[in-house]
Amino acid sequence: MTNHLFDHLIAPHAGNPAPFLVQDGQSDVTYAAFVERTAQMAHRLRQSGLGVGDRVVVQAAKSIEMVILYAATIQAGGVFLPLNTAYTRDEVSYFVNDATPALIVCDGADLAQMREIAAEAQVLTLNADGSGTLTDGLDDMPVQFDTVPRGPDDLAALLYTSGTTGRSKGAMLSHDNLLSNTLALTDLWQITKQDRLIHALPIFHTHGLFVALNTSLQVGATVHFMPGFNIDAVIDALPIGTMMMGVPTFYTRLLSDDRLTADLVAGMRLFVSGSAPLLAETHAAFTERTGHHILERYGMTETNMNTSNPYEGARLPGTVGHPLPGVEVRLTDANGAEVPQGDVGMIEIRGPNVFQGYWQMPEKTAEELRDNGFFITGDLGQVDDQGFLSIVGRQKDLIITGGYNVYPKEIEDVLNDIPGVDESAVVGVPDADFGEAIIAVVVPEMGASVDEDALRSVVADKLARFKHPRRYEVMQDLPRNTMGKVQKNILRQQFDV
Ligand code: MLC
Ligand code: AMP
């Protein structure tokens, strides 16, 4: 048996002198060096006790070493589990207890806290400057490693995604979930080793880690690797890049900068947007300014990428295009029956991209993954007569802010536990920068008053910064329908940021 993902994406680059990860305009890591460094890291992981199928939790700043750690975890037969660096101690504690990793990797500055959170687990450090306990002595390790065999259905990654119940679920992604999607995307988007990808996304989510890095690895493209989205750095890189992948906020921020011109992006061949809806007006404004039609695609943590606008042919603003080769999309009604062409229905997905289920949550898995293999996304869609899918709404109560998912229930649970709070409702409202911004409406207990600073302080303690409500409103009662359900649509109309 071979190692399905490693053998396709990484092993073929042994001896490849082409630049892989480039920082600050210099060739920092060639493909050949990456393969050797990965082998050394795989030895280090094995030395640290990593066994086949063991999870490696990583909460660390974006760095080349983190990409090496990802590849090494795969080579050593482990399961990569990256965490958003914004997660608080409470959030990390939940993930660590749920995933029971063999190894936790964090930034040096977080070591003491991580050791407190995970007293039982082994904690090592990895800093963005390449130092840390995990890289200590790495140079002395052999540059060859006997790759651990892993088949197509074996797990490669566990990515947590929050849910309507407020409890995060670990999406189990197999080697073939990742590889099949990579192959489909490189082919469809015509990615080649001549490409130079501008990489400003975080690498703890599907978009920056799998869509961007796996496709580059598969063909041997060069990645201009940036710590995050800094407008000046991205503007500087655009003349030397050929592709960029981003969330809609990247494009609205670029458009608000006069330095974005057709000349600046004359060498670019593809701009991809996803993770959140790209407004048709953003699409149009980008075309008008640059001549480029942003290619919008639709994906999820559980399914990788599902649909894409065409590379060749018209890209339709406001739509997410057609199913990827090998991926089936169907729209269903409340009974699970397919709706007639043109009607709105629940988007369901089947294909080699669809995950293996939620980690240790068979009931949740059964609720969302049908016996016939279709995954119920929670997104509502409509297909036009040309076969273009539009996402017209969400059945799940979800806010997407700057490409990050936030489930209102998670914030409401925190607010409702605060003394003096009777109940709360959290909604997303339009925001020019992040797409949606969070507003919390709080109802005090009879005779009690709520202090906004106190609310903010509890929320800051418990939840990542991107989940913090931008604005708090106090109401004596929440609007409800005759069934007693809170009418969030009324709150959305009533408040803005
Ligand atoms: C940062 N902040 C956010 C935020 N990002 N608040 C709400 N939503 C966000 N997304 C906070 C910061 O902590 C800061 O708080 C304040 O907002 C302003 O920060 P900023 O400097 O303007 O933000 P920046 O660091 O530039 O980040 C914005 C961003 C980033 C859009 C570039 O959030 C980002 O890279 N998002 C990409 C997310 C992503 O990769 N999603 C893919 C998921 S995979 P303060 O208090 O310090 O002022 C997926 C599947 C698929 O969905 O289909 O791809
Ligand atoms: P996540 O759980 O972070 O993987 O986010 C997945 C969700 O992001 C999907 O279920 C959609 O609701 C949303 N999403 C991803 N891509 C798009 C897109 N192009 N347009 C609209 N929503 C999107």
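Which polar backbone atom is 2.9 Å from a nitrogen atom of ligand 1? It belongs to Gly403. The model is a predicted one, in which local features need pLDDT of at least 70 and side-chain atom pairs count only at pLDDT 80 or more, while totals for chains, interfaces and linings use all residues. Residues are numbered from 1 along each chain as its sequence is written, chains are lettered from A and ligands numbered from 1 in the order in which they are written, and side-chain values use heavy atoms, with hydrogens and water left out.

Thr401 has a polar side-chain atom 2.6 Å from a nitrogen atom of ligand 1, and a backbone N or O atom of Gly299 lies 3.2 Å from an oxygen atom of ligand 1. Taken alone, ligand 1 exposes 1,000 Å² (Shrake-Rupley method, 1.4 Å probe), and the protein buries 70% of that.

Now for the surroundings. There are 22 residues around ligand 1 (a heavy atom within 4 Å), and Arg253, Ser275, Arg297, Thr401 and Arg465 come nearest. The shell divides into ten nonpolar, nine polar and three charged residues. At least two residues of the shell come from each of α7 (206-219), α9 and β13 (295-300).

Note on methods:
Polar contact = N/O pair within 3.5 Å; in protein donor to acceptor, adjacent residues only side chain to side chain. Helix = DSSP H or I, 4+ residues; strand = E, 2+ residues; numbered from the N terminus. Nonpolar A, V, L, I, M, F, W, Y, C, P; charged D, E, K, R; others polar.
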